[in-house]
Amino acid sequence: MKKVAVIGSGTMGNGIAHVFAQNGFPVSLVDISDEALQRALGTIAKNLDRIIAKGNLTEEQKQQTLTNITTYTDTREGVKDADLVVEAATENVDLKLKIFRDLDSFAKPEAILASNTSSISITKIASVTNRPDKVIGMHFMNPVPVMKLVEVIRGYSTSDEVTQQIMELSKQLGKVPAEANDYPGFVANRILMPMINEAIYSLYEGVAGVEEIDAIMKLGMAHPMGPLQLADFIGLDVCLSILKVLHDGFGNPKYAPCPLLVNMVQAGHRGVKSGQGFYSWTHGTKELVVADRFRK
C-alpha cells in the first residue's frame, strides 16, 4: 500500500488525508471545488500547528506532511495511481453509489475502495462495482487526527485479504481498528444514535432541560461530552440520516427519529455547522450556551 486517494475535502476528508500524509503516504485529495481544497489544506496546516505547539511534531515534519498532499478537482486523475481510495463524501446513499461507480471505472483494478460511511451498507455500495471483494468500510472518528478508533466494516463479499490489509494499515496510522460486519449502523452508530435519540426525546417530553440531560450523562456516566452537545458536533442532519438508515434497515420503531430532531433539521438548525442546535455556536465552540429556544 503506497499511494492513497481521498474523495471529499470536508471535515472527515481533510482529517483522513492529514493522518495518511503525516504517516508518510503520498495522498491525492480530491474534491469538485478548488476553493474547498484550499480550505482543507489550511485546516490541515492549522491542525499540524496545534501538534507542534504540544511538542509532538517539528516544523520540518509539518512541511513534509503538506508536501505529501496533492489536490485534484478531476477524480479520474486523482485516483488513477492509488492503491487505496477512501471516500469521505456527504452521507447520501445516491451520491456514494455514483462515486463508487466512477471509482470502479477510474481506479486501477487491484485498488481497494473504502468508504468512510457511518451507516450506509458496504454491501450495497460494493454492489455497484465490479470488485465487491475489494470494497470495505473505514469509519474514522471525528476529529480524525485525534481519535484512535477505525471501525472496519466488512461487506458481504469483502475478502479476508482486503480486511486484513485494512486492519494492518489502520495500525500503521497509529489507530486501533475494530472489525464489524455490515448491518445497519454497524456498531458505533447502532449504539450511539439510539442514545442520542433518547436524549432528544427526554428533552421533547419535558423530562429535563438541555444542560441537565448533558450533565447527567457526563457526570453520572463518565461521558466526555453530553449526548445533545455531541449531536450538535456530529450534525443534527447527519444524526437524522443515520436514524433513518437504522429505522429503514431494521423496521423497528425504536429507531424512529424524535419529531423534535426532524423539526430542527427542517428548520435548518443542524448544530455547530449551522451555528444553532441544542446549543448556540455563533460565538464558537469553547463555551456552552444553550440555544434560546431551550432556555428555561
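## Domain layout

In this predicted model, the chain is split into two parts: domain 1 covers residues 4–181 and domain 2 covers residues 187–294. A distance of 27 Å separates the C-alpha centres of domain 1 and domain 2.

## Interface between the domains

Contact between the two domains involves 6 residues of domain 1 and 6 residues of domain 2. Together, domain 1 and domain 2 bury about 530 Å², with 55% of that area on carbon and sulfur atoms.

As for specific interactions, 3 residue pairs are in polar contact across the interface of domain 1 and domain 2, both residues of each pair being at pLDDT 80 or more. The number of salt bridges between domain 1 and domain 2 is 0.

## Nonpolar cores

In soluble globular proteins, nonpolar side chains tend to be buried together. The largest nonpolar core of this model has 34 residues. The members that touch the most other members are Ile 16, Phe 20, Val 27, Leu 84, Met 138, Phe 140 and Ile 166. Helix H1, residues 11–22, supplies the largest share of this core, with 6 residues.

Apart from neighbours within four places in sequence, Ile 166 is in contact with Leu 84, Ile 112, Ile 136, Met 138 and Val 152. Of these partners, Leu 84 and Met 138 are also listed with Ile 166 among the residues that touch the most other core members.

Conventions
Residues are numbered from 1 along each chain as its sequence is written. This is a predicted model: local features need pLDDT of at least 70, side-chain atom pairs count only at pLDDT 80 or more; totals for chains, interfaces and linings use all residues. Side-chain values use heavy atoms; hydrogens and water are left out. A nonpolar core is a set of buried Ala, Val, Leu, Ile, Met, Phe, Trp, Tyr and Cys residues joined through side-chain atoms within 4.5 Å. Buried means under 20% relative accessible area, exposed over 50%, partly exposed in between (1.4 Å probe, protein chains only). Helices (H or I, at least four residues) and strands (E, at least two) are DSSP runs, numbered from the N terminus. Contact means heavy atoms within 4.5 Å. Domain bounds come from an automatic or database domain assignment. Buried area is the accessible area (1.4 Å probe) that two parts lose on being put together, summed over both. A salt bridge is a side-chain nitrogen of Lys or Arg within 4 Å of a carboxyl oxygen of Asp or Glu. A polar contact is a pair of N or O atoms within 3.5 Å; within protein, one must be able to donate a hydrogen and the other to accept it, and residues adjacent in sequence count only if both atoms are side-chain atoms.
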